[in-house]
Every structure is written in C-alpha cells, then in structure tokens.
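Colleague: I'm new to this one. Could you show it to me and let me ask where the labels come from?

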Amino acid sequence: MKLFDVYPINDITIVKAKGSYVWDQEGQQYLDLYGGHAVISIGHTHPHYVQRITDQLNKVGFYSNSIRIPLQEELASKLGKVSGRPDYQLFLCNSGAEANENALKLASFHTGRKKVVAFRKSFHGRTSLAVAVTDNPAIVAPVNQTDNVIFLPFNDEAALTACFAGQGKEIAAVIIEGIQGVGGINLADAGFLQAISRLCKENGAVFVADSVQCGYGRSGKFFSQDYAGVDADIYTMAKGMGNGFPVAGIIIAPHLQAKHGMLGTTFGGNHLACAAALAVLEVIEQEGLIANAAEVGNYLMSELKKIPQLQRVRGKGLMIGFDVPEALKDLRKNLLWHQRIFTGEAKPNTIRLLPSLALRKKDADEFLEAIQEEILAMEGVKVN
C-alpha cells in the first residue's frame with residue numbers, strides 16, 4: 001500500500017527534536033521557526049511535557065466520555081485561569097476543524113438559524129462545515145458547498161453592517177480568525193472585532209473567535225482577539241494546545257446552554273490528551289511564555305523591518321509574516337536547504353514564522369543573521 005499523495009514533501013526525516021531545534025537522520029541540525037503549523041507551543045520534547053504524558057500512560061491512556069474523567073475538570077479549571085475566562089465552559093475534541101465544526105453547530109442550535117458570516121482569505125479547516133466557511137474553492141468539494149455561508153471582505157465594517165442590516169435575523173454566527181494564518185498573517189482590526197461583537201449582540205448571533213492558530217498565547221495575549229478588548233461567545237482552539245498531541249476544544253460563554261447529546265466525540269478529552277494539554281498550560285504559566293512571545297516577537301519584527309528587501313512585516317507576538325519580492329521568491333526554500341531553517345509560507349510570496357513560544361532572543365538572532373546572509377547570496381553579493 002502507498003500513501004495517498006496529498007502533501008508536498010520536503011525530503012527530510014526528523015529523528016530528534018529539542019526546544020526550537022530538530023535533527024535529521026544524518027545528524028544535521030535545523031532551527032524550527034514553523035513548529036509544524038504553529039503546533040509546537042512550549043518547545044519540542046519539553047521534559048515536563050514528556051513526563052506528564054509518560055506518567056499518565058503508565059496509569060490509563062484512554063477511556064471514553066461515558067465515565068467521569070477528573071483530568072478534564074482539572075484542565076477546564078487551569079484553562080479558565082490562564083485564559084482569563086473562568087466562567088466559560090469547555091468542550092474537548094481532537095482538531096481545529098472539529099473545534100470549528102462544533103462551534104458553528106452549537107451556534108446554530110442556540111439561535112435556530114442557518115446562515116454564517118465568514119471572511120475573504122479565511123481558513124477554518126477541511127471538514128464539512130469548517131471547509132464551507134473557508135475561502136478556498138480548491139479544497140471545497142461539491143458536497144461541502146452551501147448557500148448558508150456569506151463571505152465578506154476582511155476588515156470591512158461597512159460591508160458587515162450592511163449584511164446585518166439585510167439579513168441579521170437569519171445569521172447564526174460570525175466566525176473570524178483574530179490573525180489569519182493560512183491567508184497570509186492578516187490582522188483583524190480592533191475596531192472590526194468590536195463591530196462584530198456589537199452586531200452579534202444586537203442581532204442575537206454568536207461571535208465565534210477562531211483561535212486555532214492565533215490563540216494559546218502565540219500573539220502575546222492568550223487570544224489574539226483580546227487586543228480588541230472584546231469577549232467572543234465561543235473560542236476555538238487546537239494547534240498549540242497539546243504541543244503536538246492531538247487535542248482541541250471550544251470554550252463557551254455561560255449564556256449558551258448545554259444539553260445531553262448535542263455535541264459528542266469518542267477520543268476528545270481522553271486521559272492522554274488532557275495530560276498533554278495540562279502540561280502545556282503549566283509550562284506556559286511557569287515559564288512566562290506569553291510574555292516571552294510578546295517580547296521576542298516584538299524584537300524579531302523590529303529587526304526584520306530593518307531589512308530593506310522584506311516587505312510588509314506584520315504580526316503579533318510570535319505569529320509573524322512578511323512578503324518577499326519576486327526576485328527572492330525562493331527565499332523560503334533557500335532558508336531550508338542552505339541555512340537549515342524551517343519557516344512557513346502563504347501564497348504567493350509570504351513567509352510565515354510560527355515558532356515555539358519559548359523561542360530565545362539568541363535563536364531569533366541566528367535567524368536574522370541567516371536571512372540577511374541568504375538574501376545577499378541570492379542577490380549575488382559575496383558573503384565572507
């Protein structure tokens with residue numbers, strides 16, 4: 001049997017990882033500034049994380065949600081504290097797409113409505129409803145197409161206001177990434193998020209803050225939407241929640257009521273997933289990683305802005321993007337193969353940085369030196 005060929009693969013096999021570095025089978029070291037799509041939040045193989053999961057595996061690895069799992073309650077309490085939302089409710093699942101599916105389904109149950117507002121360049125996942133609110137026709141199969149999704153321009157308050165004026169009583173939810181990831185590190189304006197919050201309240205719709213990639217401290221606040229000073233009705237999360245262990249969830253404002261059977265999952269919230277998620281929150285809290293993301297991220301962006309060839313350096317915390325001119329379109333590839341640094345991309349010519357929240361200033365300096373060296377090499381300037 002062969003693998004189903006849906007991923008473009010770099011011919012690298014990682015066999016060891018520690019902190020912000022990984023090593024291939026030849027012993028070659030790489031600086032990891034991508035974290036496997038923003039997943040590695042506390043650093044690779046953090047000893048507390050490894051110990052937490054190992055200890056749990058030696059007790060019980062899995063049982064279903066048909067029994068009481070105290071680890072879930074412990075996780076909910078810790079997440080409420082670290083996120084600053086102790087009065088919210090937690091539903092656990094397995095992936096970002098699943099989190100967004102459940103958030104939108106819950107919004108529809110709550111309102112009795114069908115329509116969802118999403119935005120251009122959004123990415124919310126690849127499953128049925130999550131991909132329907134994703135602005136990429138190439139990954140939306142015919143069976144996923146629906147007339148219930150309204151796509152509006154990102155950061156266009158006038159278009160949003162007009163939409164609610166015409167269809168407000170049909171809208172179940174507005175879903176938005178505080179910082180679009182796959183779309184190219186596009187930041188939602190504070191005023192735009194405030195308008196979403198206000199219009200949802202006025203019209204009885206549900207504000208869903210997709211924090212799958214831009215949440216869990218990556219932006220320098222727990223949720224990037226926090227920069228706008230608003231509270232969403234539902235926050236979705238995954239990526240950095242388990243530092244590589246598949247775990248996701250939604251936190252739900254107290255006015256949204258639960259009922260038995262309305263949501264469910266076999267694997268969501270299992271013992272190992274909860275142990276992983278608790279370890280992540282414990283390390284984030286004990287090591288001050290949200291503050292570190294803000295500090296190192298601000299430093300990295302300020303230094304990148306000094307490199308004249310890089311365009312539109314943008315982001316919050318350690319969720320950073322910049323554009324490169326057509327002459328440097330191979331920069332990301334060259335950073336990997338010549339400088340041994342993993343970064344991400346967004347089409348056509350955007351480089352994304354999504355490193356561990358524990359990234360050190362010395363790691364950032366290593367990258368800054370390497371990218372300048374590579375740019376000069378691509379421009380034909382000899383580097384001593």
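This is a predicted model: local features need pLDDT of at least 70, side-chain atom pairs count only at pLDDT 80 or more; totals for chains, interfaces and linings use all residues.

Modeller: Residues are numbered from 1 along each chain as its sequence is written, and side-chain values use heavy atoms, with hydrogens and water left out.

Colleague: Why is the contact of Glu-285 with Lys-78 called a salt bridge?

Modeller: The term asks for a side-chain nitrogen of Lys or Arg within 4 Å of a carboxyl oxygen of Asp or Glu. For Glu-285 and Lys-78 the closest N and O atoms are 2.7 Å apart, so the pair meets the definition. The structure holds 19 salt bridges.

Colleague: What makes Glu-285 and Lys-78 a link between distant parts of the chain?

Modeller: They are 207 residues apart, with Glu-285 in helix α8 (residues 271-286) and Lys-78 in helix α3 (residues 70-83). Helices here are DSSP runs of H or I with at least four residues, strands are runs of E with at least two, and both are numbered from the N terminus. Glu-285 also forms a salt bridge with Lys-81, at 3.1 Å from N to O. Lys-81 lies in α3 too, so that pair ties together parts 204 residues apart in sequence.

Colleague: How do you know which of Glu-285, Lys-78 and Lys-81 are buried or exposed?

Modeller: Buried means under 20% relative accessible area, exposed over 50%, and partly exposed in between (1.4 Å probe, protein chains only). Lys-78 has 19%, so it is buried. Glu-285 has 32% and is therefore partly exposed, while Lys-81 has 58% and counts as exposed.

Colleague: What makes helix α4 largely enclosed?

Modeller: In α4, 12 of the 16 residues are buried, so the rest of the structure largely encloses the helix. Among the buried ones are Gly-96, Leu-104 and Thr-111.

Colleague: Why are α2 and α8 called roughly antiparallel?

Modeller: Axes are lines fitted to C-alpha atoms, for helices over the stretch in contact, with angles running from 0 to 180 degrees between N-to-C directions. Under 35 degrees counts as roughly parallel, over 145 as roughly antiparallel, 65 to 115 as roughly perpendicular and the rest as oblique. The axes of α2 (residues 47-57) and α8 cross at roughly 155 degrees and come within 9 Å, so the two helices are roughly antiparallel to each other.

Colleague: What makes β13 and β16 edge strands?

Modeller: They belong to an open sheet of 4 strands in the order β13-β14-β17-β16, with antiparallel pairing. β13 (311-316) and β16 (344-346) each pair on one side only. Two strands pair if DSSP finds at least two bridges between them, and 3 bridges join β16 to β17 (residues 350-353). Gly-344 stands opposite Arg-352 in β17.
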